[in-house]
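Subject: Structure handover

Hello,

I am passing this structure on to you.

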Amino acid sequence: MNEPQGTQPPEDSTQRLPVLDKQETENGNGPDRSDASAASGPPPELEGKGGREGRFWSARRVPAGIIALLLLGLAGLFLYDIVSVRAGRPGMEWRRELARQLAARPLDDTWVLVGAGVAALLGLWLLILAVTPGLRDVLPMRRTHTDVRAGLHRDAAATALRDRAMEVAGVQSARVRVRRRRADVRAVAHFRELDDVRTDLDAVLADATRGLGLSRPPSLSVRVRRPGRKG
């Protein structure tokens, strides 16, 4: 008895899947070839921003922890002294001596000026930490998705550029240092003309810098020299 059309086969039955011909796949006639090629292309940048991103902000855990511990200890000492005085006991000797010194010393005294300078420097340091992002070693990358932010460490960027520089013919060794706005490349060429090596390095490293996907690609500073004489 023939099975009626439109009836679903049993769950445990074996079905034969369609097979793509090799020639059809090579010619680009496969059903998913266009989708795969579109997915493998570079991701689009966000509209209106151009992919530009600011620096990452540091959590400042170490400075915040130090300040919190100092304030906690100081507040604990004053609280203990206040409770001790309220209980009828004399206050701490260091607090009474500090009160006498502050009442007796003039404002132009050396120790008063030193203490005021230290307090001002500490306050200035805290203000600088509050208004600067930090994380100078992490370079922001172009944002291609709204909910995703990415960063590249300077050492990783320098390693990638150094590997690309070593692929240039004539380069014996290379040293790369990546900063926020500039990448310094120092190469040693043991054959070929220095101008030719420098031209190839400029082209290869410019392409490699764009390939890093940084929000603000650093400018290149390339120097090529001959190896020093041995002995």
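The notes below go from the overall layout to single residues.

Please keep in mind that this is a predicted model.

Overall layout

The protein contains 7 helices and 5 strands. Reading from the N terminus, the order of the elements is α-α-α-α-α-β-β-α-β-β-α-β. There are 231 residues in the protein, and buried ones make up 21% of them. If you take the contacts between residues at least 6 apart in sequence, 58% of these join residues at least 24 apart.

Annotated spans

The UniProt entry, which is unreviewed, carries the annotation "transmembrane region" for residues 62–83 and 111–135. In the model, residues 62–83 are 100% helix and 0% strand, with 31 Å between the end C-alpha atoms. For residues 111–135 the figures are 84% helix and 0% strand, and the end C-alpha atoms lie 36 Å apart.

Aromatic pair

The count of aromatic pairs comes to 1. The pair is formed by Phe 78 and Trp 94, with ring centres 5.6 Å apart; the planes stand at 70 degrees, so the pair is edge-to-face, given that planes over 60 degrees apart fall in that group. Phe 78 belongs to helix H3 (residues 61–86) and Trp 94 to helix H4 (residues 93–104), so the pair ties together parts 16 residues apart in sequence. Phe 78 is partly exposed at a relative accessible area of 33%, and Trp 94 is also partly exposed, at 36%.

Largest pocket

The volume of the largest pocket is about 180 Å³. It is lined by 14 residues, of which Arg 55, Leu 139, Pro 140, Arg 180 and Arg 216 are the closest to its centre. Strand E1 (residues 138–140) gives the most to this lining, with 3 residues. Sorted by class, the lining of the largest pocket holds 7 charged, 5 nonpolar and 2 polar residues.

Single residues

Leu 152 sits in strand E2 (residues 151–153). Its relative accessible area is 18%, so Leu 152 counts as buried, the cut-off being under 20%. Apart from neighbours within four places in sequence, Leu 152 is in contact with Asp 137, Val 138, Leu 139, Met 141, Ala 157, Leu 212 and Leu 214.

Ser 221 is part of strand E5 (residues 219–225). Ser 221 is buried, with a relative accessible area of 18%. Leaving out neighbours within four places in sequence, its contacts are Arg 182, Ala 183, Asp 184, Val 185 and Arg 186.

Arg 192 is placed in the loop between strand E4 (182–189) and helix H7 (194–211). The phi angle of Arg 192 is near 75 degrees, which is a positive value in a residue other than glycine. With a relative accessibility of 29%, Arg 192 counts as partly exposed.

Regards

Conventions. Residues numbered from 1 in each chain as written. Predicted model: local features only at pLDDT ≥ 70, side-chain atom pairs only at ≥ 80, totals over all residues. Heavy atoms only, no water. Phe/Tyr/Trp six-rings, centres within 6.5 Å; stacked < 30°, edge-to-face > 60°. Helix = DSSP H or I, 4+ residues; strand = E, 2+ residues; numbered from the N terminus. Buried < 20%, exposed > 50% of the residue type's maximum accessible area, 1.4 Å probe, protein only. 1 Å grid on protein atoms, 1.4 Å probe; cavity = no way out; pocket = protein on both sides within 12 Å on 5 of 7 lines; lining within 4 Å. Points joined across faces, edges and corners; volume = space filled by probe spheres on them. Nonpolar A, V, L, I, M, F, W, Y, C, P; charged D, E, K, R; others polar. UniProt positions renumbered as here; feature names shortened; annotations may be inferred. Contact = heavy atoms within 4.5 Å.
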